[in-house]
Amino acid sequence: MPEVVQFAEEKPKKTQDEQAGEGSSASAPPRTTWSGSLRIGLVNIPVKALLMTKDVRISFRMLHRSCKTPISFKRFCQEGDEVTLADIVYGYSLGKDRYAVLEKKEIEAARPESKNTIALDRFVNFFEIDPHYFEKTYLLLPDKSEEAYSLLRTVMEKTAKAAIGRITFHSRERPVLVHYYRQAVVATTMRYPEEVLDPQGYQAIKDLPEPQEKELELAMEIIKSLSGELDLSAYHDQYKERIETLVRSKMEGAVAVPEKKKARTSAKSLMEALRLTAESLK
């Protein structure tokens with residue numbers, strides 16, 4: 001049975017060697033996600049790619065209340081039979097309750113081959129690109145290509161141009177945008193046009209009424225009062241912090257329940273809400 005911590009136990013102080021070991025692992029560089037080359041005509045620039053972003057979130061494991069063991073799940077078909085992995089095939093939907101049945105090896109054979117070259121075939125103005133097409137960004141590091149890498153970085157910085165090409169990650173081909181960012185060259189994978197919704201296709205947006213002049217004036221006043229420089233460091237994950245506080249309190253033998261914010265009194269109309277908001281900012 002796995003250990004389930006209900007209350008904190010006093011732990012022995014860590015030795016200097018243990019503390020040093022923790023520091024070295026925490027500062028370890030991210031793992032290389034992809035290695036290959038950028039190619040512009042006859043110019044070849046070997047690079048290594050590291051994922052620039054990471055998900056920092058609270059995760060939980062479901063446990064059985066009585067014995068505190070983790071919950072596991074089994075696969076069942078709609079007939080009620082338990083299914084092993086060897087008995088699973090893949091269905092491509094053809095409509096209601098109709099499927100074209102494919103074997104896993106058939107799907108694998110259709111995947112594009114992994115390529116280690118990004119052929120950059122066009123340069124575009126970076127600031128004209130719709131950011132809603134951006135997916136994931138990777139830091140590109142020179143791989144024994146310092147001179148060519150430095151030249152590409154400098155040219156992209158001075159011209160504000162980005163290069164478009166294609167890349168294969170995890171057997172999936174994506175458009176990729178190679179561009180300058182904070183003294184480095186980075187690659188941002190992009191979504192295909194059919195993966196991004198077009199808001200103009202929704203009638204609910206087309207039928208919106210024109211705002212009243214007074215409402216527009218108050219809204220502009222509110223925006224002006226709240227305008228300032230962008231500082232993302234002012235925003236943090238309050239849910240994560242509350243959960244961590246709750247866990248620490250349980251470890252210490254007492255439960256600290258996060259306080260809920262008091263509900264704000266709602267305004268009776270849009271005009272009243274605008275007026276009260278504008279007055280509160282004065």
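1. Start with leucine 276, which sits in helix H7 (residues 270-280). This is a predicted model, so read every value below as computed from it. Now look for leucine 218. It lies 58 residues from leucine 276 along the chain, yet the two C-alpha atoms are separated by 9.9 Å.

2. Stay in helix H7 for a charged pair. Glutamate 279 and arginine 275 both belong to this helix, four residues apart, or about one turn. They form a salt bridge, with the closest N and O atoms 3.4 Å apart. How exposed are the two partners? Glutamate 279 has 42% relative accessibility, so it counts as partly exposed. Arginine 275, at 37%, also counts as partly exposed. Elsewhere, salt bridges with shared partners link Glu135, Arg172, Arg174 and Glu195 into one network.

3. Helix H5 (residues 213-226) holds another pair. Lysine 214 and glutamate 217 are three residues apart there, about one turn of the helix. Their side chains meet in a salt bridge, at 4.0 Å from N to O. Lysine 214 is partly exposed, with a relative accessible area of 47%. Glutamate 217 is partly exposed too, at 43% relative accessibility.

4. How many salt bridges does the structure hold? The count is seven. One of them joins arginine 57 to aspartate 55, with 3.5 Å between the closest N and O atoms. Both of these residues are exposed.

5. Turn to helix H3, residues 146-159.

6. Helix H3 has a buried face. Tyr149, Leu152 and Met156 are buried in this helix. Seen down the axis of H3, the buried residues fall within an arc of 65 degrees, so they line one face. Which residues are exposed on the other side? They are Glu146, Glu147, Leu151 and Lys158. Note that leucine 151 is on this exposed list, while leucine 152 is on the buried one.

7. Just after the helix, alanine 160 takes a positive phi of about 55 degrees.

8. Is serine 145 buried or exposed? Its relative accessible area is 8%, so serine 145 is buried. The side chain of serine 145 reaches the backbone nitrogen of aspartate 143 at 3.3 Å. Lysine 144, by contrast, is exposed, because its relative accessible area is 79%. The backbone at lysine 144 deserves a look too. Its phi is near 60 degrees, a positive value in a residue other than glycine.

9. Lysine 68 is another residue to check for phi. Its value is near 65 degrees, which is positive, and the residue is not glycine. Where does it sit? Lysine 68 lies in the loop between strand E2 (43-51) and E3. It is partly exposed, with a relative accessible area of 29%.

10. Finish on the surface. Tyr90, Tyr92, Leu94 and Leu102 make up a nonpolar patch there, with about 390 Å² of accessible area together. Which element gives the largest share of the patch? Strand E3 (residues 90-95) does, with three residues. Tyrosine 92 lies in this strand. Its relative accessibility is 55%, so tyrosine 92 counts as exposed.

Conventions. Residues are numbered from 1 along each chain as its sequence is written. This is a predicted model: local features need pLDDT of at least 70, side-chain atom pairs count only at pLDDT 80 or more; totals for chains, interfaces and linings use all residues. Side-chain values use heavy atoms; hydrogens and water are left out. Patches are made of residues with over 30% relative accessible area and no salt bridge: like charges are joined within 9 Å, nonpolar side chains (Val, Leu, Ile, Met, Phe, Trp, Tyr) within 5 Å. Accessible areas come from the Shrake-Rupley method with a 1.4 Å probe; for residues, only the protein chains shown count as cover. Helices (H or I, at least four residues) and strands (E, at least two) are DSSP runs, numbered from the N terminus. Buried means under 20% relative accessible area, exposed over 50%, partly exposed in between (1.4 Å probe, protein chains only). The arc is that of the directions from the helix axis to the C-beta atoms. A polar contact is a pair of N or O atoms within 3.5 Å; within protein, one must be able to donate a hydrogen and the other to accept it, and residues adjacent in sequence count only if both atoms are side-chain atoms.
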